[in-house]
Amino acid sequence: MSSIVSFAVPTATSAPTGATNTYLVGSRGSILVDPAGRTPALDRAVDERSVDHLLVTHTHPDHVGAVAEYAATTGATLWAHSRYRDRFERATGVEPDRTFADGDEVVSGDGTRVVVVETPGHAPDHLAFVVGESALVGDLAMAEGSVLVGDDGDLSAYLTSLDRLLALAPSRCYPGHGPPIEEPEPTLSRLIDHRRERERRVLAAVRSGCETVDAIVESAYEKDLSGLEELAAQAVRAHVRKLASEGEIEWDGGCARTVDSRDR
Ligand SMILES: [Zn+2]
């Protein structure tokens, strides 16, 4: 079994943990995943081993803060998603050494193998990394709460990616924020149900006459959103885009209507 060590790195993340998990996979030869920033503990761990490869699950700012520094100090091979090379460069400020795509394997000096699984949705360039029976899942899933599928997200793709991870049936998942997911199956099912329920509420809100994002947020979220209004608005826009792409509603970027109301 490959060793997977987690380091909580404080970041300006919208996740409630206020930190992003950076992972070191393997032992003598290691694979560094999502170096979000530098901490003394992570610096020590990186110094103690040879880091052969550096990967990120996606290029949101709270996952890539120390990519350039650790790439320089370790000399590791820096990988990027083959279709998002430019996005990677913009986010990290460095050019990748190599690119990979779905099904590719990264193998470190001690034989640790990581398999790349494309899991878009939270971000277009999102990847999960399968290590033996475990999976590093970035912002595809969290043990508690839910992840944001916002303005650069795609809810249909996100749900497909959750299904894909469910089918892989990992025995444990290591997320980008918060503790490991010890029982992936119920957690992934919960996340799928959560989105379906929210979609039902968003559709009901539009059908009851809510046209703007603010009005839909008000109707589809009953909890106190203090401080989270902008994230809720992003989530609603993602739902509205999905419903419009499926022909359930019409959406012009500012105003949502049921398809039927068009002819009234
Ligand atoms: Zn993210």
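What radius of gyration would a compact globule of 264 residues have, and what does the chain have?

**View 1. The whole chain, a predicted model.** A compact globule with 264 residues would come out near 18 Å, and the chain has 20 Å, which agrees. (The radius is taken over C-alpha atoms, and the globule rule is 2.2 Å times the number of residues to the power 0.38.) Along the principal axes, the C-alpha atoms fill a box of roughly 70 × 35 × 35 Å. The chain has 8 helices and 13 strands; these are DSSP runs numbered from the N terminus, with helices being H or I of at least four residues and strands E of at least two. Residue numbers start from 1 along each chain as its sequence is written. In this predicted model, local features need pLDDT of at least 70 and side-chain atom pairs count only at pLDDT 80 or more, while totals for chains, interfaces and linings use all residues.

**View 2. The open sheet with strand order 7-8-9-10-11.** Its 5 strands show mixed pairing (two strands pair if DSSP finds at least two bridges between them). Strand 7 (105-107) and strand 11 (172-175) stand at the edges with a single partner strand each, so one side of each has no neighbour in the sheet. Strand 7 runs antiparallel to strand 8 (residues 113-118), joined by 3 bridges.

**View 3. Helix 7 against helix 8.** Helix 7 (residues 213-220) packs on helix 8 (residues 229-245) at about 100°, with the axes 9 Å apart. (Axes are lines fitted to C-alpha atoms, for helices over the stretch in contact; angles run from 0 to 180 degrees between N-to-C directions.) That makes helix 7 roughly perpendicular to helix 8, a label for angles of 65 to 115 degrees. Val-213, Ile-216, Val-217 and Ala-220 from helix 7 meet Glu-229, Ala-232, Ala-233, Val-236 and Arg-237 from helix 8.

**View 4. Asp-125, in the loop between strand 8 and strand 9.** Buried or exposed? Asp-125 counts as buried because it has 23 C-beta neighbours inside 10 Å. (Buried takes 20 or more other C-beta atoms within 10 Å, exposed 12 or fewer, and partly exposed lies in between; C-beta atoms are placed from the backbone.) Setting aside neighbours within four places in sequence, Asp-125 is in contact with His-58, Thr-59, His-81, Tyr-84 and Arg-87, where contact means C-beta atoms within 7 Å. Phe-88 is 37 residues from Asp-125 in sequence and 8.9 Å away in space, C-alpha to C-alpha.

How values were computed:
Parallel < 35°, antiparallel > 145°, perpendicular 65-115°, else oblique. Contact = placed C-beta atoms within 7 Å.
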